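Welcome to this guided tour. Please open your viewer and get ready to select residues as we go from stop to stop.

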Amino acid sequence: MKLRIDRILGDRPFAEVGEPALAVTDERRDLLAVEGTRTAVAGLPDFGFTAPVGVYGTNNLACRALLRARHPVHALAFHPALPLLAVGSGAYDGGYFFEGELLLLDLDTGRTTSLIEHPLGRQVLGLEWLGEHALRVLMAPYDDWQDKAAWHEGHVAVIRRPDWTAVPPRSIDGAELAGPRVAAPRADRREEARRTLSGLSAAWDPRRNVRAVEELSDGRIVATLDGVRLECWLPSGRRQWAVPDDDGGEGDDRGDGGEGGRDIVVASDERSAWVGLKPPPSERRARPVVRLALDDGARLAHLVPSATASLVRSADGLSSLAPAGANGERSRLRIRRGSRIYFRKTAAPRRRRNDEGGEARLAAADLGPPADAGRPREPRAADVRELSPYSWQPGETHFAGPGVETADGDLIHAGTVHDGRGLQPGGSFVVRRAVGAARPVWVFRTDRKATDLDLDSDVVHVTYDDGEIVALDARDGRVLRRRHLTVAGVPVVASALTVAGPGRLLLGTTDGRLLVCSTADPAQRPPVQTGDREPGRL
């Protein structure tokens, strides 16, 4: 089974990095390195944070290489002769330490090597090549224990290697990083980076993190993403309208806009759509659900759920609110096209910070009649029934994720296994379970968190936070295809997925692009429409 990208919407120069925070040029080779502002993977903090660094040709703005750093990037330096980019990153850990990495990106192979031996590394603030064999490194101190000057001073060291293309990982030890104390101001270079990008192209746009995408019968495509409640794209590839999430003082929003939309349910007449808004990461209270007109994005109505909830399209085509719990994304079970409103329910008062203890249950409520004025339905407490333990494995606590109900009433959904050390190998799963059954029909395990999931006949499509897309046989969980997604040869991460029809997928990416994809035989596909960019391929 193959997957091909037929159209790309929201494509633009420097798409891979989003909002620029640092830009460095290599005029001799006509190259530009750009670091984007560190953001949550898939727009969800539970998936972790990355800071993208893209390397572009200044003559055609094509992306030559891309890396995703674990920490904010403070320094970039092109090697004077070799196809290498040195990248310095780091951040304060909130307690004592300034941790980070010194990375080396090979521009020919795309391979990234982390060079510092110590597990915490060092926060790297500045880099300068002193010829072909020596690299000057400016670092924050190891920690700020009884050292207030650590926030504006640092240490400088010169690292020497005869061949920087052959430097092994974790080969720079603490002795090589020892050096004199010097002034180390933390400069903000975001405005300078924006000017650099604007000087090369007026078309760049810091779009990030598509969270949901749907297609209308007239060929238009609607999506939610960071800072945007909903946007609409015409079949021509032009964006028709967009509704920013700037609150606008609308009553119960209480001025806390900005995170953008999250879930979409399009009305059956396709004249409007309900959109669930994403709360700030630090807040657990519910944000409103808004109804927007699909001809121009005008706000028609809004309501504030009684508690945090996921907006889902139920089997009858109407919208429902599934309780999402108080534990962020880890409690948010999102079952598409359910014959009931399914959710993960905590059966006892929470006493443990990370929701350990195996107390969660799979619960459901009947859909009931449509709500007044077409508003999303909320389950009544009296109608909720606990169906089974949420975890089928004794001793394991399972967190929630995206899912779908099959034609015969089973649930297929993704999730992760709680571990105090973080996500462990094999700790991410997709499961098919008969509602109420003690054991699952099948379980597919992997090492990365799923970002979205949908069902196309007997094929389950799953996207992951490392850019992998997996197709599973819905009957037995057998792997039909697993590949990493690329656009014009550059890796991208899909953060939203919707089956738009047989053999037709819509993908939203963490860099704000919308991909119209097909799984049909190449002879049956329409011509690719991508504008000026080369289409991607799995």
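Rings of Phe, Tyr and Trp (its six-membered ring) count as a pair if their centres lie within 6.5 Å; planes under 30 degrees apart are called stacked, over 60 edge-to-face, and the rest tilted. Before you use that rule, note that this is a predicted model, in which local features need pLDDT of at least 70 and side-chain atom pairs count only at pLDDT 80 or more, while totals for chains, interfaces and linings use all residues. Residues are numbered from 1 along each chain as its sequence is written, and side-chain values use heavy atoms, with hydrogens and water left out.

**Stop 1: aromatic rings**

The ring rule gives eight aromatic pairs. Select Tyr 96 and Trp 145: their ring centres are 5.7 Å apart and their planes stand at 70°, so this pair is edge-to-face. Tyr 96 sits in the loop between β8 (84-92) and β9 (98-106), and Trp 145 in the loop between β12 (134-139) and β13 (153-160), so the contact ties together parts that are 49 residues apart in sequence. Strands here (E, at least two residues) and helices (H or I, at least four) are DSSP runs, numbered from the N terminus.

Tyr 96 is partly exposed at 43%, and Trp 145 is exposed at 53%.

**Stop 2: charges over rings**

Next, look for a charge over a ring, which needs NZ of Lys or CZ of Arg within 6 Å of the ring centre and within 35 degrees of the ring normal. Select Arg 330 and Phe 399: the arginine lies over the face of the ring, 4.9 Å from its centre. Then try Arg 344, which lies over the face of Tyr 390 at 5.4 Å from the ring centre.

**Stop 3: salt bridges**

Side chains of opposite charge can pair when their charged atoms come close. A salt bridge here is a side-chain nitrogen of Lys or Arg within 4 Å of a carboxyl oxygen of Asp or Glu. How many salt bridges does the structure hold? There are 38.

Begin with Asp 263 and Arg 332, whose closest N and O atoms are 3.0 Å apart. Asp 263 is in strand β19 (residues 261-266) and Arg 332 in the loop between β24 (319-323) and β25 (334-336), so this bridge ties together parts 69 residues apart in sequence. Asp 263 is buried at 8% relative accessibility, and Arg 332 is buried too, at 3%.

Move on to Asp 452 and Arg 336, which meet in a salt bridge at 3.1 Å, N to O. Asp 452 belongs to strand β34 (residues 450-456) and Arg 336 to strand β25, so the pair ties together parts 116 residues apart in sequence. Both Asp 452 and Arg 336 are buried.

The next pair is Glu 468 and Arg 482, joined at 2.8 Å, N to O. Glu 468 is in strand β36 (residues 468-473) and Arg 482 in strand β37 (residues 479-484), 14 residues apart. Glu 468 is buried at 9%, whereas Arg 482 is partly exposed at 32%.

To finish this stop, select Asp 11, Glu 16, Asp 511 and Arg 513, which are linked in a network of salt bridges.

**Stop 4: a four-stranded sheet**

Strands of a sheet pair through backbone hydrogen bonds, either parallel or antiparallel. Two strands count as paired if DSSP finds at least two bridges between them. Show β19 to β22: they form an open sheet of four strands in the order β19-β20-β21-β22, with antiparallel pairing. The edge strands are β19 and β22 (299-303), each pairing on one side only.

Zoom in on β20 (residues 272-277) and β21 (residues 289-293), an antiparallel pair with five bridges. Here Val 275 stands opposite Val 290 in β21.

**Stop 5**

Most residues other than glycine have a negative phi. Select Ala 373, which has a positive phi of about 55° although it is not a glycine. Ala 373 is in the loop between β27 (360-366) and β28 (384-389) and is exposed at 60%. Ala 488 also has a positive phi of about 55°; its loop runs between β38 (486-487) and β39 (490-491), and it is partly exposed at 31%.

Last, select Cys 63, buried at 13%, and Cys 232, buried at 0%. With a disulfide taken as a pair of cysteine sulfur atoms within 2.5 Å, the count is zero.

Key: Buried means under 20% relative accessible area, exposed over 50%, partly exposed in between (1.4 Å probe, protein chains only).
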